[in-house]
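Good morning, and thank you for joining.

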Amino acid sequence: MTGQPRKFMIDREKLNTLNAEGCPACGKKFTLGDTAVVACGAWGGDAKIIHENEAVFDPETGGYVERRCYQARRGRI
């Protein structure tokens with residue numbers, strides 16, 4: 001996951017699409033106006049959209065990583 005960090009606000013279309021599952025990082029539902037990012041995490045597979053406050057920008061990869069996954073990689077958990 002390289003290139004420009006992807007950060008955006010949740011609009012009605014994203015809200016309707018994402019709230020069936022909720023945020024994979026914290027389990028909470030999204031609300032209109034929440035800031036979200038595309039991040040990789042412990043769930044494996046493709047990157048997913050999560051709340052921005054649940055993510056850390058990793059300059060080594062040039063992308064966002066789910067906070068707990070990032071800390072585990074750094075040996076902080």
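I shall speak about the sheet, the core, and then the salt bridges.

Please keep in mind throughout that this is a predicted model.

Let me begin with strand pairing around β2. Strand β1, residues 7-9, runs antiparallel to β2, and three bridges join the two. Within that pairing, K7 stands opposite V37 of β2. β2 also pairs with β3 in the antiparallel sense, over four bridges; there, A39 has K48 of β3 as its bridge partner. With strand β5, residues 63-66, the pairing of β2 is parallel and rests on two bridges.

In soluble globular proteins, nonpolar side chains tend to be buried together. The largest nonpolar core here has 15 residues, and those touching the most other members are F8, I10, F30, A36, V37, I49 and I50. Two or more core residues come from each of α1 (12-18), β2 (35-40) and β3 (48-51). Which element gives the largest share? That is β2, with four residues. As for V37, its contacts beyond four places in sequence are R6, K7, K48, I49, I50, E52, A55 and Y64.

The next topic is the charged pairs. The structure holds four salt bridges. One of them joins K7 and E52, with the closest N and O atoms 3.1 Å apart. Since K7 belongs to strand β1 and E52 to the loop between β3 and β4, this pair ties together parts 45 residues apart in sequence. K7 is partly exposed, at 48% relative accessible area, and E52 is likewise partly exposed, at 25%.

Finally, consider D58, in strand β4, residues 55-58. Is D58 buried or exposed? Its relative accessibility is 2%, so D58 counts as buried. Beyond four places in sequence, D58 touches G63, V65, Y70, R73 and R74. A polar atom of the D58 side chain also lies 3.0 Å from the backbone nitrogen of E60.

D58 and R74 form a salt bridge at 3.3 Å, N to O. Because D58 lies in strand β4 and R74 in the segment after α2 (67-73), the pair ties together parts 16 residues apart in sequence. R74 is partly exposed, at 32% relative accessibility. R74 also forms a salt bridge with E60, where the closest N and O atoms are 3.7 Å apart. At 66% relative accessibility, E60 counts as exposed.

Note on methods
Residues numbered from 1 in each chain as written. Predicted model: local features only at pLDDT ≥ 70, side-chain atom pairs only at ≥ 80, totals over all residues. Heavy atoms only, no water. Core = buried A, V, L, I, M, F, W, Y, C linked by side-chain atoms within 4.5 Å. Buried < 20%, exposed > 50% of the residue type's maximum accessible area, 1.4 Å probe, protein only. Contact = heavy atoms within 4.5 Å. Pairing = 2+ DSSP bridges. Polar contact = N/O pair within 3.5 Å; in protein donor to acceptor, adjacent residues only side chain to side chain. Salt bridge = Lys/Arg side-chain N within 4 Å of Asp/Glu carboxyl O.
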